[in-house]
Amino acid sequence: MAKKIANENANPARTKRSMGVKVGRRISNTFVYIVLILMTVIWLFPFFGIVLESFRVETPQQVSYLWPKEFGWDNYYKLFNETDFMRWFINTGFMGICTAFLQVFFILSVSYTLSRMRFKGRKFLMNFMLILGMFPGFLTMILIYKVFAEAGLTMEMAPVGLIIVYCASSGMGYYVSKGFFDTIPKSLDEAARVDGATRFQVFYKVIMPMAKPIVIYTILMGFMAPWGDFMTASYIIHENSEGMNVAVGMYEWLSKTNLNTHYTMFCAGGVVVAVPVTALFLMLQKYYVEGVTGGAVKG
């Protein structure tokens with residue numbers, strides 16, 4: 001302690017500079033925190049307004065004030081008991097779960113193959129899938145609808161058809177997963193192969209336990225696609241309530257004829273739809289970040 005005091009007395013200019021750096025750093029951090037808090041408030045304000053609107057019961061119409069004059073659960077009661085929202089919610093959940101697990105199988109299989117194996121045409125295949133993925137999917141909407149209509153996968157059977165659409169080309173989204181697999185040493189594969197393991201056993205028993213972050217990242221991305229999809233779903237489902245997802249079903253409440261009677265119920269539906277996704281991201285945030293950052297290391 002005495003030595004430290006002596007050094008400070010011997011170098012007053014250096015001590016002053018050090019204190020100045022600390023003060024400047026504190027001021028800079030304070031400014032950054034203030035900016036982040038303001039951005040958070042701005043980002044959360046619309047959702048906060050939707051939550052308040054969902055509990056407003058004095059009128060179902062849009063109003064010019066934010067804070068409700070009367071709170072209640074009427075909108076949620078009507079949502080689950082007087083509409084087909086529960087059917088839409090189940091359809092959306094069914095599509096999300098099926099799509100998530102099927103995409104995990106397709107994407108991780110393609111990613112592992114392109115990361116570990118070397119075969120003729122590998123570079124061409126990767127470049128071809130990259131270029132093909134640049135074209136917007138709605139260019140094939142007419143052909144998809146024609147094929148699905150003839151196969152009976154529209155209207156009430158639209159959830160099954162949409163699962164096929166979401167999973168059909170999912171293997172082309174291998175970029176992040178392949179980058180993650182590239183970070184895992186190939187010596188592990190070679191050691192397992194020497195012990196007599198097959199390629200599938202190496203993938204399933206050696207690599208997959210180490211790839212938990214990218215598996216969870218792929219599941220989340222696969223679940224989000226059908227959960228918030230509107231364009232493709234509205235094109236295939238049309239006006240059949242039995243096959244609708246929540247996006248298409250709730251969109252009908254925003255028409256001119258329904259807006260004045262369904263607006264607060266629409267807000268309640270938006271809150272219910274946001275809860276599962278928010279909960280998933282909060283619980284799996286750690287693995288989601290690890291999957292993204294790990295897959296961004298190599299391409």
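**Figure 1. M155 in a loop of the predicted model.** M155 is partly exposed, with a relative accessible area of 27%. This value comes from a predicted model, as do the values in the other legends. M155 belongs to the loop that joins α6 and α7. Its backbone angle phi lies near 55°, which is a positive value in a residue other than glycine. For comparison, most residues other than glycine have a negative phi. The class "partly exposed" applies to M155 because its 27% falls between the limit for buried residues, under 20%, and the limit for exposed residues, over 50%.

**Figure 2. The protein chain and its helices.** The secondary structure of the protein chain consists of 14 helices and zero strands. The protein chain has 299 residues, and buried residues make up 34% of them. Among the contacts with a separation of 6 or more, 72% are between residues 24 or more positions apart.

**Figure 3. The largest pocket.** The volume of the largest pocket is about 930 Å³. Its lining is formed by 30 residues. Nearest the centre of this pocket lie V165, Y166, S169, S170 and M172. The elements giving two or more residues to the lining are α4 (85-116), α6 (141-151), α7 (158-168), α8 (175-182), α11 (212-227) and α12 (231-237). Sorted by class, the lining contains 19 nonpolar, ten polar and one charged residues.

**Figure 4. The second largest pocket.** The second largest pocket holds about 510 Å³ of space. It is lined by 20 residues, and F47, G270, V271, V273 and A274 are those nearest its centre. Two or more lining residues come from each of α2 (12-54), α11, α13 (246-251) and α14 (259-295). Which element gives the most to this lining? That element is α14, with eight residues. In terms of class, the lining of the second largest pocket has 17 nonpolar and three polar residues, and no charged residues.

**Figure 5. The contact of α8 with α11.** The axes of these two helices, α8 and α11, come within 10 Å and cross at roughly 175°. Are the two helices roughly parallel or roughly antiparallel? The crossing angle makes α8 roughly antiparallel to α11, because angles over 145 degrees are placed in that class. On the side of α8, the contact is made by V176, S177 and F180. On the side of α11, P213, I214, Y217 and T218 take part. Five residues of this contact are nonpolar, two are polar and none is charged. Both α8 and α11 also give two or more residues to the lining of the largest pocket.

**Figure 6. The contact of α4 with α10.** The axes of α4 and helix α10 (residues 199-207) come within 12 Å and cross at roughly 110°. This angle makes α4 roughly perpendicular to α10, because the range for that class runs from 65 to 115 degrees. The residues of α4 that make the contact are L108, S109, Y112 and R116. Their partners in α10 are R199, V202, F203 and I207. By class, five residues of the contact are nonpolar, one is polar and two are charged. The helix α4 is also one of the elements that give two or more residues to the lining of the largest pocket.

Note on methods. Residues numbered from 1 in each chain as written. Predicted model: local features only at pLDDT ≥ 70, side-chain atom pairs only at ≥ 80, totals over all residues. Heavy atoms only, no water. 1 Å grid on protein atoms, 1.4 Å probe; cavity = no way out; pocket = protein on both sides within 12 Å on 5 of 7 lines; lining within 4 Å. Points joined across faces, edges and corners; volume = space filled by probe spheres on them. Helix = DSSP H or I, 4+ residues; strand = E, 2+ residues; numbered from the N terminus. Nonpolar A, V, L, I, M, F, W, Y, C, P; charged D, E, K, R; others polar. Axes fitted to C-alpha atoms, helices over the stretch in contact; angles between N-to-C directions. Parallel < 35°, antiparallel > 145°, perpendicular 65-115°, else oblique. Contact = heavy atoms within 4.5 Å. Buried < 20%, exposed > 50% of the residue type's maximum accessible area, 1.4 Å probe, protein only.
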